[in-house]
Each structure stands twice: as C-alpha cells, then as structure tokens.
Amino acid sequence: MPESKVALVIGAGDATGGAIARRFAREGYFACVTRRHGDKLAPLVSRIEQDGGKARAFGSDARRENEVTALFDTIEREVGPIEVLSFNIGGNVRFPIRETTTRVYTKVWEMCALSGFLAGREAAKVMVPRHRGTILFTGATASVRGGAGYSAFAGGKHALRALAQSMARELGPENIHVAHIVVDGAIDTDFIRERAPDRYESRKATDALLNPESIAENYWMLHRQPRDAWTHELDLRPWSETW
C-alpha cells in the first residue's frame with residue numbers, strides 16, 4: 001500500500017467541502033476529493049497543488065453502491081490508507097408537503113442518508129482492521145429540527161444523524177472517532193452572494209455568515225482530539241444566528 005495518509009472528502013464543493021480538503025492537505029494529507037462530476041473539481045485540485053499539497057479528483061455518485069466501493073478500493077490501492085472520511089453531501093431543498101413528490105423525497109434521502117451509510121460502511125471496513133481513523137458527517141439545522149417545507153431534507157438529515165450515533169457507539173471501542181457536525185446557519189458561498197447581494201455584504205462585514213475556512217478548522221480539531229475527550233456532536237453557527 002502507498003504511504004500517503006488520505007483525507008477523503010465526499011461532496012467536495014466550492015465552499016465547505018473544498019475548505020476541508022485544503023485544510024487537511026496543508027497538514028500533509030493527500031486530499032482525495034469527490035463529486036458526481038469529477039471534472040468540476042479541477043480548480044480545487046489545482047489550488048491544493050499550488051499551495052504545496054497533494055490532491056486527486058474522483059467522479060463518483062455517492063448514491064451508487066458499486067461506485068462507492070470502487071472509490072474506496074481505488075484510493076486504498078493507488079493512493080494510500082484512508083485516515084479521514086468527511087461526508088459532506090447536502091440536499092437542501094424546500095417544498096410544501098403537498099407538493100413533495102416521491103421522486104423528490106427519495107432523491108434527497110438517497111443524497112443525505114443512503115450515501116452517508118455507504119460511505120460510512122466502506123470507511124469502517126478499511127479503518128477497523130488498522131484500529132484508527134476519523135469519520136466526520138456534515139449535518140445541518142434540519143438534522144435536529146424539521147422546518148416547514150423541509151420534510152425531505154429533515155428526513156434525510158435526521159437519518160444521517162442517527163447513523164452517526166450508531167456508528168460512534170459501535171466504532172468508538174475500535175478506536176474510530178465518529179462525529180456529527182451540525183452546521184446551523186448560512187455559509188459564505190457564491191449562491192448566498194448572488195441571491196441577495198446587499199444583505200450578503202452586510203452579513204459578511206459583521207461575521208454573520210459561516211466562513212468555510214472556519215468550519216474546516218473545526219473538522220481538523222475534531223480529527224486531532226485525544227480519545228479520552230472525543231466530541232461526537234458539534235454545532236457551528238454565527239454569533240447572530242437565532243436557535
């Protein structure tokens with residue numbers, strides 16, 4: 001097996017997932033980054049490499065079992081041992097309950113819950129024999145509170161949270177740290193900026209948006225925690241967020 005320690009980020013978008021990958025790459029981890037269309041990851045890989053890190057992009061549909069197992073097999077064989085898994089797939093959609101179709105509900109559940117299960121299971125398979133590893137699941141406000149219009153998103157994120165709890169109880173004795181991060185608030189993204197530019201500028205100026213780099217710093221902290229004081233659930237929100 002290659003020597004590089006790997007941080008695998010499933011759902012490495014332009015904001016949080018990318019920041020997590022960059023954070024671990026700065027610490028010497030080989031960042032393996034995935035999203036369904038791997039070609040969209042070229043800018044992230046280029047930035048990591050320009051900063052002196054190592055990265056490799058993979059196009060993989062996290063809802064498809066055969067693609068997930070192939071992803072883990074390829075990384076373990078060609079890159080190195082997966083020390084960290086960061087599962088970062090969203091699925092934030094809003095539909096009134098009477099307009100929520102079976103197709104919408106199923107797709108969101110597959111993105112949030114099924115894909116989390118597949119990634120978590122495959123991570124456990126490679127980490128347990130080595131008796132080490134960190135598995136980090138990205139949650140949301142919907143993980144703990146079902147809001148009006150968010151039946152699909154809340155259902156999927158609640159399921160992901162339950163998965164994280166079950167895995168933490170099962171894998172903790174195997175020296176595998178499983179944590180669930182509740183990201184409660186708007187994240188500083190292009191989507192937020194383009195949707196409401198005036199409000200975006202005022203919120204950014206007052207630290208009222210979650211900075212992806214700040215989120216990533218907490219993921220690194222969780223990975224570095226000694227096992228006599230592991231955090232299972234961590235909630236992150238701007239000072240201005242009501243909760």
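**Aromatic pairs and nonpolar cores**

At 12% relative accessibility, W220 counts as buried (buried means under 20% relative accessible area, exposed over 50%, partly exposed in between, with a 1.4 Å probe and protein chains only). This is a predicted model, in which local features need pLDDT of at least 70 and side-chain atom pairs count only at pLDDT 80 or more, while totals for chains, interfaces and linings use all residues. Residues are numbered from 1 along each chain as its sequence is written, and side-chain values use heavy atoms, with hydrogens and water left out.

Y29 sits in the loop between helix 1 and strand 2 (30-35), W220 in helix 8, so to speak a link between distant parts of the chain, 191 residues apart. Helices (H or I, at least four residues) and strands (E, at least two) are DSSP runs, numbered from the N terminus.

The structure holds 4 aromatic pairs. Another edge-to-face case is F24 with W220, with centres 5.2 Å apart and planes at 75 degrees. Here again distant parts of the chain are joined: F24 belongs to helix 1 (residues 16-26) and W220 to helix 8 (residues 212-224), 196 residues apart. F24 counts as buried, at 1% relative accessibility. Put together, ring pairs make a cluster of F24, Y29 and W220.

Charges turn up over rings as well (NZ of Lys or CZ of Arg within 6 Å of the ring centre and within 35 degrees of the ring normal). R237 lies over the face of W243, 3.9 Å from the ring centre, and the charged end of R193 sits over the ring of Y200, at 5.8 Å from its centre.

As for nonpolar cores (buried Ala, Val, Leu, Ile, Met, Phe, Trp, Tyr and Cys residues joined through side-chain atoms within 4.5 Å), the largest has 31 residues, and L8, I10, I75, I135 and F137 have the most contacts inside it. Helix 4 gives the most to this core, 6 residues. Leaving aside neighbours within four places in sequence, F137 is in contact (heavy atoms within 4.5 Å) with residues including F87, G116, L160, M167 and I181. A second, separate core of 29 residues includes A19, L41, V84 and L234.

Conventions: Rings of Phe, Tyr and Trp (its six-membered ring) pair if their centres lie within 6.5 Å; planes under 30 degrees apart count as stacked, over 60 as edge-to-face and the rest as tilted.
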